[in-house]
Amino acid sequence: MLRRTLAKGAIGLTTAAMVAGRPAAAQGAPVEIQFWHGLTQPLGGMLEQVAAGFNESQQRYRVNASYRGGYSETMVAAIAAFRANNAPHIVQMFEVGTATMMAASRATKPVWELLQQTGVKIDFEDVLAGVRGYYSLPDGRMASMPFNSSTSVSFYNKDAFRKAGLDPEAFPRTWPAVAEAARKLKAAGIATPMTTSWPTWLMVEQFSAIHDIPLATKGNGFGGLDAELAINNPVLARHLQNLIDWHKEGLFRYGGRDNAADGLLPAGECAITFASSGTRARILREAKFDWGTAMLPYYDDVPKAPLNSIIGGASLWAMNKGPSGGRSEEEWKGVAEFFAWLAKPDVAAKWHMDTGYLPLTRSGYEQVKASGFYKQNVGADVPIEQMLRGGGVLTENSRGVRLGGFPEIRNIIQEEMERAFQGQQDAKALLENATRRGNVVLRNFERANRA
Amino acid sequence: MRKAVIFKGKLLPLLLMLPQLVITGIFFFWPAGQAIWSSLLREDAFGLNRSFVGLENFAEVVADPTWRDAAANTALFSFSVAVLALAAALLLAVQADKAIRGSGAYKTLLIWPYAVAPAIAAVLWLFLFHPQIGLIGRALNAAQLAWDYRLNGGQAMTLVIIASAWKQVSYNFIFFLAGLQSIPRAVLEAASIDGARPMRRFWTIIFPLLSPTSFFLLTVNLVYAFFDTFGVIHALTQGGPAKATETLIYKVYVDGVENLNLGASAAQSVILMAIVIAVTAAQFRLIERKVHY
């Protein structure tokens, strides 16, 4: 207690010294806010324009948005900078890094606390439940600022569907029907009809949420660091075994880790793909055929399916400068004002329409819908509708995932999938091995983060 | 009896050595010390919680089956890269050393790949062997040979070996060429007069006289395959599929930078450091004596 007071006093003194040492700050030179992001072009440029819009709207703060490599590089850069007492004010963190950031409580300032401290107001009640849930504490307070959220959907080649005698306007709803369609597509001359991007996110995480089965104990890890993987269950085993069998049959092609398979549909090599809703922009640009967007398939004999899908993408975290704190009130205020700017309905709506990421709020969605945007951009509303599938009421299994070391666990599952697709193991062994290796990661994370 | 030359005074020699000592200290001893220290700790990514765990990280690394797999991969990978790069370079050097028209141009062209950065070399090979966009990759698939290094571990390993070896051939080529040119013509001519045919001349004269060069290159190639091939693996396979091309150095990166498991990563790099020290010591102590100079 005494130590904390002393520390606060020290911070107060340094702040006072800094303000005194920089009289220019009081006289109107803007407060610099460093914002590190991990978006490549063209999305990165759009993000920098959002920051530029904020800078033009007022004179007190200046947000410098800079690209620091992909999501994982940005994460590593921010952590290294924090250790060197030079962290950015704001860092964009991919959704799987959420648990890591949350566990490092002295490194970040949760958004709820930031808003309380600075008196800035953002209404989170209206934010899409699936987005809000992913980035909030178990009691509902926001930990980070949702920014670019995506979900995943099916994209398919309508021309190929016509050629195979399938109805191009009705994408099959269930997995068995998708397999049937793939067989017809193969018969019509498409060598490997179906593929997937983000194998773990799509075929394990999304699949579990949609079918209302747990990915991990403790409510997918929301309830504590002592969660264990629960992926070794019959529903998931059945689906992965199907994928392995379809791979053998030539209906499904493993296109590589993460987003490596993104190019297969636009190149015309596959007729069906499951990918991030953000892939829309690329397909729009590259595909030279008629294509469609549909919701992810499910097994209709699983009782509660289909529920809402979960999100991917990233959120923004307010960071301390280093292990000893070191941010002035003015800097925190600037961060909060910038977050509030991002939540403004017109800023958020423009971001959604330009990029294809999910709209932040429900009312924002209604507003864009009323403007007729989705009539001109058919399929752009499928991701949002899918987020609201199952009535928009989240269960413990469909609100998201919060596991420490989750990037590593994702890779472990991808590696075990690769073993299975090479014919070295079946779905049961895949899930057993992934569970065993994944739990080691969880235990290590738990140990390293226990005070 | 040898007479040792002894300089008086300590200041000047120390002063002259200082730049080198400072550089070694900052760029080797300090980070190496840090690595040893972190290998004894268990901490979270941000360095907020840390506890001393002794040698526990080492015990975990050695007991980890994925680390053992990586060690086996490294052995196979390094050996293959070294043999392939040395054999190809020797063949090319012997051919380029002959009196042929335009040998200068050949020599220049053969040295070029050395100037290519490992990651760029990998991208060049990717353009050749990618199953969808690669020239050769497409041809293989069109010929009904199922080529997909992203899913077939054996193919992935073959590809990173070839790409890494190709990168090193130029370096070996320069040294072999220099070695060949330092072999006295008179010896070769004498052998010719005695009736030795080219193959026999090569195996009985050229090859033994090249052994110091070969031995030096073997060490350099092994170290190259151990440490400098990170860029090739990172750009081509990221250690996949299913860890089939994950070498020890790549695993250090994956565990430390991607998985933010600093203690385990530091322990692995300390083990690597011990391996390199052992290899270098063995080179000087044991093998170098047996090489014919």
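User: How many residues of chain A are in contact with chain B?

Analyst: Contact means heavy atoms within 4.5 Å. Here, 33 residues of chain A touch 31 residues of chain B. This is a predicted model, in which local features need pLDDT of at least 70 and side-chain atom pairs count only at pLDDT 80 or more, while totals for chains, interfaces and linings use all residues. Residues are numbered from 1 along each chain as its sequence is written, chains are lettered from A in the order in which they are written, and side-chain values use heavy atoms, with hydrogens and water left out.

User: What area is buried between chain A and chain B?

Analyst: Buried area is the accessible area (1.4 Å probe) that two parts lose on being put together, summed over both. Between chain A and chain B that comes to about 2700 Å², with carbon and sulfur atoms giving 52%.

User: How many salt bridges are found across the interface of chain A and chain B?

Analyst: Side chains of opposite charge can pair when their charged atoms come close. The rule asks for a side-chain nitrogen of Lys or Arg within 4 Å of a carboxyl oxygen of Asp or Glu. It finds three salt bridges across this interface. One of them joins K243(B) to E415(A), with the closest N and O atoms 3.4 Å apart.

User: Which element gives the most to the side of chain A that touches chain B?

Analyst: Helices (H or I, at least four residues) and strands (E, at least two) are DSSP runs, numbered from the N terminus. On that side of chain A, α19(A) gives the most, with six residues.

User: How many salt bridges does a search of the whole structure find?

Analyst: Over all chains there are 38. Among them is R60(A) with E330(A), at 2.7 Å between the closest N and O atoms. R60(A) is in the loop between α3 and β2 of chain A and E330(A) is in helix α14 of chain A, so the pair ties together parts 270 residues apart in sequence.

User: Where do E432(A) and K428(A) lie?

Analyst: Both are in helix α20 of chain A, four residues apart, which means a separation of about one helical turn.
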